[in-house]
Amino acid sequence: MDAFGGPIWSMTASPSGSQLLIGCEDGSVKLFQITSDKIQFERNFDRQKSRILSLSWHPSGTHIAAGSIDYISVFDVKSGSATHKMIVDRRYMGVSKRKCIIWGVTFLSDGTVISVDSAGKVQFWDSATGTLVKSHLIANADVQSIAVSDQEDSFVVGTAEGTVFHFQLVSVTSNSNEKQWVRTKPFQHHTHDVRAVAHSPTALISGGTDTHLVIRPLMEKVEVKNYDAALRKITFPHRRLISCSKKRHLLLFQFAHHLELWRLGSTVATGKNGDILPLSKNADHLLQLKTKGPENIICSSISPCGSWIACSTASRFFLYRLSYERDSISLQRVPKMPAFLRSALQILFSEDSTKLFVASNQGSLHIIQLSEGCFKHLHTFQPQSETVEAMCLLAVSPDGNWLAASGTSAGVRIYGLKELKPHCTVPAYNFPVTALGIAPNTNNLVIAHSDQQVFEYSIPDKQYTEWSRAIQKQGFHHLWLQRDTPITHISFHPKRPMHILLHDAYMFCIIDKSLPLPNDKTLLYNPLSLTNESDVIRRRTAHAFKISKKYKPLLFMELLDERTLVAVERPLDDIIAQLPPPIKKKKFGT
Amino acid sequence: MVEEESLRVVRCGGSELNFRRAVFSADSKYIFCVSGDFVKVYSTATEECVHILHGHSDLVTGLQLNPSNHLQLYSCSFDGTIKLWDYIDGILIKTFTVGHKLHALFTLAHTKDSVFVTINKEKPDIFQLVSVKLPKSSSQEIEAKETAFVLDYINQSPKCIAFGNEGEYVAAVRDFYLSVYFFKKKTTSRFTLSSSRNRKHAKNNFTCVACHPKEDCIASGHKDGKIRLWRNFDDDKKYTYTCLHWHHDMVMDLAFSVTGTSLLSGGRESVLVEWRDATEKNKEFLPRLGATIEHISVSPAGDLFCTSHSDNKIIVIHRNLEASAVIQGLVKDKNIFTGLIIDPRTRALVLNGKPGHLQFYSLQSDKQLYNLDIVQQEYISDNDLIQIELRKAAFGCQGHWLATVEQRQEKETELELQMKLWAYNKKTQGFVLNTKVSMPHEDHITALCFCNAEKFENPTLVTASKDGHFKVWILTDDSDIYKKAVGWTCDFVGSYHKYQATNCCFSEDGSLLAVSFEEIVTIWDSETWELKCTFCQRAGKIRYLCFGRWTCSKYLLGATENDILCCWNLLSCALEWSTKLNVRVMEPDPNSENIAAISQSSVGSDLFVFKPSEPRPLYIQKKISREEVHWGVFVPRDVPESFTSEAYQWLNRSQFYFLTKSQSLLTFSAKSPEEKLTPTSKQLLAEESLPTTPFYFILGRHRQQQDEKLNDALGNELVQLPLTENIPAISELLHTPAHVLPSASFLCSMFINSLLLSKETKSAEEIPDDVDMEEEKGSDDTDEENDFTEKAQDTNDIDLGEDIIHQLSKSEEKELRKLRKVDYSWVTTL
């Protein structure tokens, strides 16, 4: 729906959740009523001179603060009129020409308004009197984001210099109740603008232009100093962005606004372990699909046979049919996709490419029959429980009988595709699932969780397998549990049923279920020197986890056929090279 | 006056003023700083030293105002005593003997009866902070043995301890941790910087600490230049800190302003940084302070700051960061190359000062007169840089000319030499560069001397160098069509068999020049520059060379590296005498024929004073210093002393100063320490009423004369009212600070008595004189005299009820006492 105020710069829901505020380009602040089925315009507040860049509700819902250019307005929600207009000092290290943009405001329950602006200031205002209480100049560049903790005793701001500052409410003296806001620690984990910050009860979370998501735990809030209390830096999304057509050796890469299809090169040469073989045929860039409009691609997939490509944005679903004639390729969009398919979270083709599984953000799972150039909606699994929770991970068994689906928090559900009805639910586990895979022949479902646990569940028997119970009993190696990134893909070797292939961003692992499990004393990561040792030693030290860290950061790894494995690396330097230059800072001594 | 016949080696000024933080008086009028064994009281307005508080027998290590009486000052010393002073009058009030070596002193406003000191008890490196209860007692010497332990294993420097929030807690830092002791809870929290052990080159050792006066906030300085502000430190878990980083090198000291709104920090950058509101972006600078800031202190009134610098300087700074006064002591450079020189014009001691500077230091007033920038280049303080060194300096022609030599040697083969000649300008009262000679020699210049004989019209300078030459430089006319000018040019180059020239020296009349070439001494005629004769003793390289003076001017003395002291007769061209003596310093007295030589042995340095004509020394003093003596100099006295003893006659016209390896400036004194005290107490009387402004000298003296005339006129009249100024009891009453006065009942009788008209009108002028004398004696701190004054008071008490006859009898008594003083020795001769 249109707000009729030009581009919307800011939006915030009321503390009760029943109202929505938006700030528009033309300086208007509009209040919308949120009901269960629609959003309804309620009222306009007094219009301001320039765009509203930031909005914040008072926790009681009676007042709002709106950050504009050069000033902050405080509105009374009942009357809709501005009660105070607090003008922000433009001065930026002596230069007063530039306008001061209020990038963020926060209304605290005691009536204090905290603003962050483009002059590098964090300012505290008294909303009752409309006066400036305290000002902290913290950066030479913009301060772009602010987030307050729930207790309102600390907040975090992010600057364009890549620094995140932590502010805390500290008592002035130990025996008085007077408290003051004090800037405490700066954190420099980013190289570029910090566009967004969040304050969880135990950590500060920041992210920005440099594509990193940084989680900085607050040491004083952490009870036990374990690995959870460590700083984490997340660079890649914890989901698959690449799909592969095994038959035609095609790779489909998903970018924010386009898809790229590549055909892998091949070689006829042979060599020893570690050799790099010359390519007899180079990789081909077959096609590039661009989406229209500003929407990002949510998910995409290519069918194993290589003749179908499906992708989805927030509002539309696309299905393409590819036909190959020798070296040329032709693309044909399948028209008239049904409306319920839009905004899919995950798309999967069955192994024989005859079925398409779409997990919609409404929580339902759609099954579509594909045949030459047309499609037929077969069935929709509706979400079982009352809570609407979208499925975001899908796995289908190679024989096409079983479909496993998992949401963000609920357990894994298994559907029978022959009968088209739910089969069973895997026992609930506290941590979200990061990858699913169903083994051929045995139909064992392998589940990887975000706490690095791996389970194996037999679908026909509806219970965990013996191996899974054994490894849960012994526990995983501590180094395995301390890895930073979750497992994003699980696959199987068709000829070696005891092997499970899985990878995260920094390692590739083959779990050989026939070998003994490692305990905490054994070396988890196979040192290279062991390969030179005699067979006896190798056999004695061998354990179930065979890990390779050769390729990193690893985005995708899949078995193409019995003897070929494809791995996709995405060097960080390439990403950084594409970023705009960071703000130049004078470094002492240079 | 009878001479006390013992010569002692005494420290004469030049002590470190920057050893501890300076302390301001409550009204910011005075600033107190430690100076060796003394405490110096300076005026912040005029930079003048108002008092020197003598009394400690070892290094003073801490100063604090008495929190219960801001007109009193506590000081502590290595001698194990805490002394309480009245700093306005410079009087020692009380001495508390603690017994341990005291390293630092702290006072708190709310614990008036106890102070905190740092001591080390058992092991040499383990220091404790203890509180010492100061017992209340009227006696002057009090034992204060009651100590209570507060904190252990602390840093000995007082910079590493700070009391906060009106004494609720004390923060101490050492190495990598901060410990905070809460007095109420009696608990210690300890915060360790975790990164210190992990990172290889982490230099976040704590260096200093300061506490916010109003808030619970501790500021700590670190070796890597960071300042951390700690808050919430009463909670071991929720503590938090924030960093301020501007300094690139170690933070030397921190201080909060009185209100706590700003934080001051300083370090090797010589920049005082003021952090306003303790925010990183809001800071002010006072740059170019000249040398490393060692200490920062803030006046209790809040209007002044002061910084102590590594070059023995204290700068008083206004609140708006403007330096208002500089108190400069003797600069102690790392190396003294120039030796001790006396400026003939000002009688100031001249030696290396700041890097590249020559300092003029007044020995009488113990302060630096001025600095002469010789190198005239920006000094960049960096340990790795090889700096230009000022190696030699010499005055010529009664201070009209100054010659300096500077050198910089980066590598063995690359030597940069520069000789500068400075002319004294009467108008500007300073030295102006006249001639600059770059590379006057090919190699190091070993000696430099002017011909100071009066008969020589043309100033002459001789330089000797390792390149085997000595050069004679004369002043010539350098005028051109633009201006009249004079300049120095090389007149003669001499050498002797390519030997290195090591020393040069002119005879007193300037007719002869002696130049030593390693082992050989050559004598040159200064008129014709002809080689007259050579002396060679084959006793090692000549280390020192000098001509005798006055009656001994026919002698030439040389000290060699093989520990031989030779004396040659110039008339006979033969060795007069020689002796084995390891001479380190040899200095001729300009006002006599005496020569002082200091020899070095394993146990210490010994002094020998001799005349060249006699091989037997006039005076020997063993072990004048435990260390090596590097330089010595004779300073002519303004007023000749009259030592009757033959052994000390060499000190009659000149005083001998010497500088040891650790750069303490020492001299000889025959006065007892008590005698040395009197001048200050006299000073006290002199400046009792008015500041001595120029107007005072004009008007005050004029008024005095008028008063005297008036007195004369009045003296003729029959009735004479005693002038209030002349009555000692009244003047004493009016000029003694109220807090040191005895009770009013005590004074009442004296006061009344003093107002009574004595019947003897003729003694009206005598009595004040008498009492003046008494007072003078009274100010001497001997016990005997104290007893006497007490007695006098007792008698006054008795007098109170009785009549004036007693008064008369008192004057009679005085008469009698006078009679007793009269010498009756003549009776014995009868």
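1. Ser353(A) is found in the loop between strand E29 (344-349) and strand E30 (355-360) of chain A; strands here are DSSP runs of at least two residues, numbered from the N terminus. The phi of Ser353(A) is positive, at about 65°, although the residue is not a glycine. Most residues other than glycine have a negative phi. With a relative accessibility of 5%, Ser353(A) counts as buried (buried means under 20% relative accessible area, exposed over 50%, and partly exposed in between, with a 1.4 Å probe and protein chains only).

2. This is a predicted model, in which local features need pLDDT of at least 70 and side-chain atom pairs count only at pLDDT 80 or more, while totals for chains, interfaces and linings use all residues. Residues are numbered from 1 along each chain as its sequence is written, chains are lettered from A and ligands numbered from 1 in the order in which they are written, and side-chain values use heavy atoms, with hydrogens and water left out.

3. His249(A) also has a positive phi, near 55°, and is not a glycine. It belongs to the loop between strand E21 (242-245) and strand E22 (250-254) of chain A. His249(A) is partly exposed, its relative accessible area being 26%.

4. Over all chains there are 56 aromatic pairs. Rings of Phe, Tyr and Trp (its six-membered ring) pair if their centres lie within 6.5 Å; planes under 30 degrees apart count as stacked, over 60 as edge-to-face and the rest as tilted. Tyr169(B) and Phe233(B) form an edge-to-face pair, because their ring centres are 5.1 Å apart and their planes meet at 65°. Tyr169(B) lies in strand E16 (residues 169-174) of chain B and Phe233(B) in the loop between strand E21 (226-231) and strand E22 (240-245) of chain B, so the pair ties together parts 64 residues apart in sequence. Tyr169(B) is buried at 1% relative accessibility, and Phe233(B) is buried with a relative accessible area of 1%.

5. The rings of Tyr424(B) and Phe431(B) have centres 5.4 Å apart and planes at 75°, so this pair is edge-to-face. Both Tyr424(B) and Phe431(B) are buried. Arg345(B) lies over the face of Tyr424(B), 3.8 Å from the ring centre. In chain A, the charged end of Arg43(A) sits over the ring of Phe45(A), at 5.8 Å from its centre. A charge sits over a ring if NZ of Lys or CZ of Arg is within 6 Å of the ring centre and within 35 degrees of the ring normal.

6. Ring pairs also join Phe470(B), Phe492(B), Tyr496(B), Tyr499(B), Phe517(B), Trp524(B) and Trp529(B) into a cluster.

7. In the model, residues 53-95 of chain B are 0% helix and 65% strand, with the end C-alpha atoms 13 Å apart. Helices are DSSP runs (H or I) of at least four residues.
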